[in-house]
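Subject: Structure for your review

Dear colleague,

Please find below the structure that I am handing over to you.

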Amino acid sequence: MDAFDSQAPGPVFLQLVERLRAAGIEFRHLHHAPVYTSAEAAAVRGVALHSGAKALILKAGDAFVMAVLPADCGLDSGALRRLLNSKHMRFATKEEVLEVTGLTPGSIPPFGSLFDLPTLCDTGLADNERINFNAGSHADSVQMRYVDYLALESPRLAVFAKAASGTDGSPVR
């Protein structure tokens, strides 16, 4: 038995699953070996890297926001700053991510509403019928239809992703 087999799902995973079930949304849960990059996550899930919904926690001015983009893309911080009308924006530190979400970077599901954060979603994620994401741990993934994600989360849609260099192993921030 692998070590990850004995880990019970955490509170964020349970809260997410409760919301999905309450909304009648079909989803697939996959418990797997811990993954720490987008490429590792796509490989263990057996899906295209582009279908990964990478959730980033950023601080724009004095407020935290969640930006969700395809896992094979990087963040166009200038576009997001303009969208948020913020002169100053940066990635949240590991400590801030833990404080705001109770999770570590790379384990955050793309639902800012779980953490009382505004959610922005790059329109490039719409290329996928189904999206995949870590769901509260590095060893639990969820797959669901993109249209169901939009209906449940109602993120603000915009363009703020760009082609990333090194997409074969970019960190799952």
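Arginine 130 stands opposite arginine 145, the latter in strand S8. Please bear in mind throughout that this is a predicted model.

Strand S7 covers residues 130–134, and strand S8 covers residues 140–145. The two run antiparallel and are joined by five bridges.

In what order do the strands of the open sheet lie? The order is S1-S8-S7, three strands in total, with antiparallel pairing. Strand S1 (27–31) and strand S7 are the edge strands, each of which pairs on one side only. On average, neighbouring strands of the sheet are turned by 20° against each other, if direction is ignored.

Two helices lie across these strands. Helix H2, made of residues 38–45, lies across S1, S7 and S8 and runs at about 120° to S7. Helix H5, made of residues 146–153, lies across S7 and S8, and its direction is at about 95° to S8.

Is glutamine 143 buried or exposed? Glutamine 143 counts as buried because its relative accessibility is 16%, and buried means under 20%. Its side chain makes a polar contact with the side chain of asparagine 132, at 3.0 Å. Leaving aside residues up to four places away in sequence, glutamine 143 touches Phe27, Arg28, Val47, Arg130, Ile131 and Asn132.

Finally, I turn to the cysteines. A disulfide is a covalent bond between the sulfur atoms of two cysteines. How many disulfides does the model contain? The count comes to zero. For cysteine 73, the closest cysteine sulfur is that of cysteine 121, and at 11 Å it is too far away for a bond; the cut-off for a disulfide is within 2.5 Å. Cysteine 121 is likewise in no disulfide, since its nearest cysteine sulfur is that of cysteine 73. Cysteine 73 counts as buried because its relative accessibility is 13%. Cysteine 121 is buried as well, with a relative accessible area of 0%.

Yours sincerely,
A colleague

Methods. Residues numbered from 1 in each chain as written. Predicted model: local features only at pLDDT ≥ 70, side-chain atom pairs only at ≥ 80, totals over all residues. Heavy atoms only, no water. Buried < 20%, exposed > 50% of the residue type's maximum accessible area, 1.4 Å probe, protein only. Pairing = 2+ DSSP bridges. Helix = DSSP H or I, 4+ residues; strand = E, 2+ residues; numbered from the N terminus. Axes fitted to C-alpha atoms, helices over the stretch in contact; angles between N-to-C directions. Contact = heavy atoms within 4.5 Å. Polar contact = N/O pair within 3.5 Å; in protein donor to acceptor, adjacent residues only side chain to side chain.
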